[in-house]
Amino acid sequence: MTDSFGPMMPDAYRNRGPERAVLRAELPQPEPIRVLVVDDHELFRRGLEIVLAQEEDIEVIGEAGDGAEAVHKAADLLPDIVLLDVRMPRRGGIEACTAIKEVAPSAKIIMLTISDEEADLYEAIKAGATGYLLKEISTDEVSAAIRAVADGQSQISPSMAAKLLTEFKSMIQRTDESKLVPAPKLTDRELEVLKLVATGMNNRDIAKELFISENTVKNHVRNILEKLQLHSRMEAVVYAMREKILEIR
């Protein structure tokens, strides 16, 4: 059968279909998103690896069972994304997040945790996390979140985002109601404690830093919240930033 377009086509343009197919096949494919999985439950890590292995554009390049190991692995492997639990032995996820950002600045961190505490969310974001997801999400959502964060977006579980918005709305309302009232004066020691609270340190670490007892730290924190009429450590962190007691890097 004669090609009806044959006589009208210059020789240079004949039979180019196969060549175009070859060219398409030779086009470089985008590199997969390189992921480091960090969780102290081995079964959970294995499950994530199996799920993510089904995604052509995602590659699990390593795993770690605690925060300390995560920092070493991140420095060696330089992943694109780190899936990081909050509560882990040896070194917690928040502290590990800060350290990972130092040794692998290009890595983006998604906290994948059961903790729905607002304070953990805020401290994780302050430590450099780009996402905060609860483990109740589906496997498809994990893959979608990895892609979104790799693409420059932030990801927060809807329930956590709602809590955060509610908390900030409440803070704004209280600020508006009391903006004509001078801020209560904190003692020098209370300011020291507030600064350390705002960096994400727990009471035990604050006690070690200031060479005081953990009970004394608890008393200072309670006094700070009472004086400032705040209800949580997260509110204290926001207050510290708003009053320029703490500057976020």
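Which residue in β5 is the bridge partner of Ile-110? I looked this up before anything else, in what is a predicted model. The bridge partner in β5 is Gly-131.

**Entry: the sheet**

I then went through the strands. Six of them form an open sheet, and I wrote down the order as β2-β1-β3-β4-β5-β6. The pairing is parallel. I noted β2 (58–64) and β6 (155–156) as the edge strands, since each pairs on one side only.

I went back to β5, which covers residues 131–134. Four bridges join β4 to β5, and these two strands run parallel.

Next I looked at β3, residues 81–84. I found four bridges between β1 (residues 33–38) and β3, in a parallel run. Within this pair, Val-35 stands opposite Ile-81 of β3. I also found four bridges between β3 and β4 (residues 108–113), again running parallel. Here I took Val-82 as my example, and its bridge partner in β4 is Ile-109.

How does the chain get from β3 to β4? I followed it through helix α4, residues 93–103. I recorded this β-α-β crossover as right-handed.

**Entry: salt bridges**

How many salt bridges does a search of the whole structure find? I noted 14. I looked at some of them one by one.

I started in helix α2, residues 42–53. Glu-42 forms a salt bridge with Arg-46, and their closest N and O atoms are 3.3 Å apart. Both residues lie in α2, four residues apart, which is about one turn of the helix. I looked up how open each of them is. Glu-42 has a relative accessible area of 45% and is partly exposed. Arg-46 is also partly exposed, at 34% relative accessibility.

Arg-46 turned up again in my notes. Glu-49 forms a salt bridge with it, the closest N and O atoms being 3.6 Å apart. Glu-49 and Arg-46 are three residues apart in α2, so about one helical turn separates them. Glu-49 is partly exposed, with a relative accessible area of 22%. I wrote the general rule beside this: an α-helix has 3.6 residues a turn, so residues three or four places apart point the same way.

I then moved to helix α8, residues 188–198. Glu-192 forms a salt bridge with Arg-189, and the closest N and O atoms are 2.9 Å apart. These two are three residues apart in α8, so the separation is about one helical turn. I read 37% relative accessibility for Glu-192, which counts as partly exposed. Arg-189 is partly exposed too, with a relative accessible area of 31%.

Which residues do salt bridges with shared partners join into one network? I listed Glu-42, Arg-45, Arg-46, Glu-49 and Glu-63.

**Entry: aromatic rings**

I searched the whole structure for aromatic pairs, and the count is zero. I did find a charge placed over a ring: Lys-135 lies over the face of Phe-44. The distance from the ring centre is 4.3 Å.

**Entry: helix α9**

I ended with α9, residues 203–210. Which of its residues are buried? I noted Asn-203, Ile-206, Ala-207 and Leu-210. Seen down the axis of α9, the buried residues fall within an arc of 100°, so they line one face of the helix.

I looked at Asn-203 on its own. Its relative accessible area is 16%, and it counts as buried because the cut-off is under 20%. I also compared its position with that of Val-193. Asn-203 and Val-193 are ten residues apart in sequence, and in space they are 9.2 Å apart, C-alpha to C-alpha.

What does the backbone do just after α9? I found that Phe-211 takes a positive phi of about 60° there.

Conventions
Residues numbered from 1 in each chain as written. Predicted model: local features only at pLDDT ≥ 70, side-chain atom pairs only at ≥ 80, totals over all residues. Heavy atoms only, no water. Buried < 20%, exposed > 50% of the residue type's maximum accessible area, 1.4 Å probe, protein only. Arc of directions from axis to C-beta. Phe/Tyr/Trp six-rings, centres within 6.5 Å; stacked < 30°, edge-to-face > 60°. Lys NZ or Arg CZ within 6 Å of the ring centre and 35° of its normal. Salt bridge = Lys/Arg side-chain N within 4 Å of Asp/Glu carboxyl O. Pairing = 2+ DSSP bridges. Right-handed = clockwise from strand over helix to strand, strands pointing away.
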